[in-house]
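Biologist: Please take one part of this model and go through it closely, with the cut-offs behind each term. I would rather have one connected account than a list.

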Amino acid sequence: MKNPPYNPELNPCEQVWQYIKNRFKNQRFEKMENLKEWLHKTVTKMDSETIKSITGNHHFLNAFNATFIN
């Protein structure tokens, strides 16, 4: 079976990184340590509901519903 083409929109990890990168834009850090602290705070603030909302991809839900619900 042939693998489907790479599609970052369907990869939950890519969605989480996009969420983080959107918050990172236009910020400036004087030291690498400041960046690390910011990243740590950002990631630790993300609770399970935030992750679900980021990764709750309508493509997955539509495919699931079409396969199992209808």
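Modeller: Lysine 52 counts as exposed because its relative accessible area is 52%, where exposed means over 50%, buried under 20% and partly exposed in between, with a 1.4 Å probe and protein chains only. The model is a predicted one, in which local features need pLDDT of at least 70 and side-chain atom pairs count only at pLDDT 80 or more, whereas totals for chains, interfaces and linings use all residues. Residues are numbered from 1 along each chain as its sequence is written, and side-chain values use heavy atoms, with hydrogens and water left out.

Lysine 52 pairs with glutamate 49 in a salt bridge whose closest N and O atoms are 3.4 Å apart, the rule being a side-chain nitrogen of Lys or Arg within 4 Å of a carboxyl oxygen of Asp or Glu. By that rule the count comes to one salt bridge. Both partners belong to helix α3, where they are three residues apart, about one turn of the helix.

Helix α3 spans residues 48-55, and helices here are DSSP runs (H or I, at least four residues; strands are E, at least two), numbered from the N terminus. Isoleucine 51 is found in helix α3 as well, and with a relative accessible area of 31% isoleucine 51 is partly exposed. Setting aside residues up to four places away in sequence, isoleucine 51 touches Val16 and Met46, a contact being heavy atoms within 4.5 Å. Cysteine 13 is 38 residues from isoleucine 51 along the chain, with 9.9 Å between their C-alpha atoms.

Isoleucine 54 also touches Val16 and Met46, along with Gln15 and Tyr19, again not counting residues up to four places away in sequence. Across the protein, 11% of the 70 residues count as buried.

At the end of helix α3, threonine 55 has 22% relative accessibility and therefore counts as partly exposed. Beyond its neighbours within four places in sequence, threonine 55 is in contact with Pro12 and Val16. Asparagine 11 is 44 residues from threonine 55 in sequence, while their C-alpha atoms are 8.3 Å apart in space.

For the setting of this helix, the protein has four helices and zero strands, and its elements run α-α-α-α from the N terminus on. The loop between α1 (12-24) and α2 contains asparagine 26, which is exposed, with a relative accessible area of 85%. Phi of asparagine 26 is near 65°, a positive value in a residue other than glycine. Most residues other than glycine have a negative phi.

The mean pLDDT (the predictor's confidence in each residue, from 0 to 100) is 82 for the protein, and 79% of its residues reach 70 or more. Where pLDDT is low, the predicted coordinates should not be read in detail.
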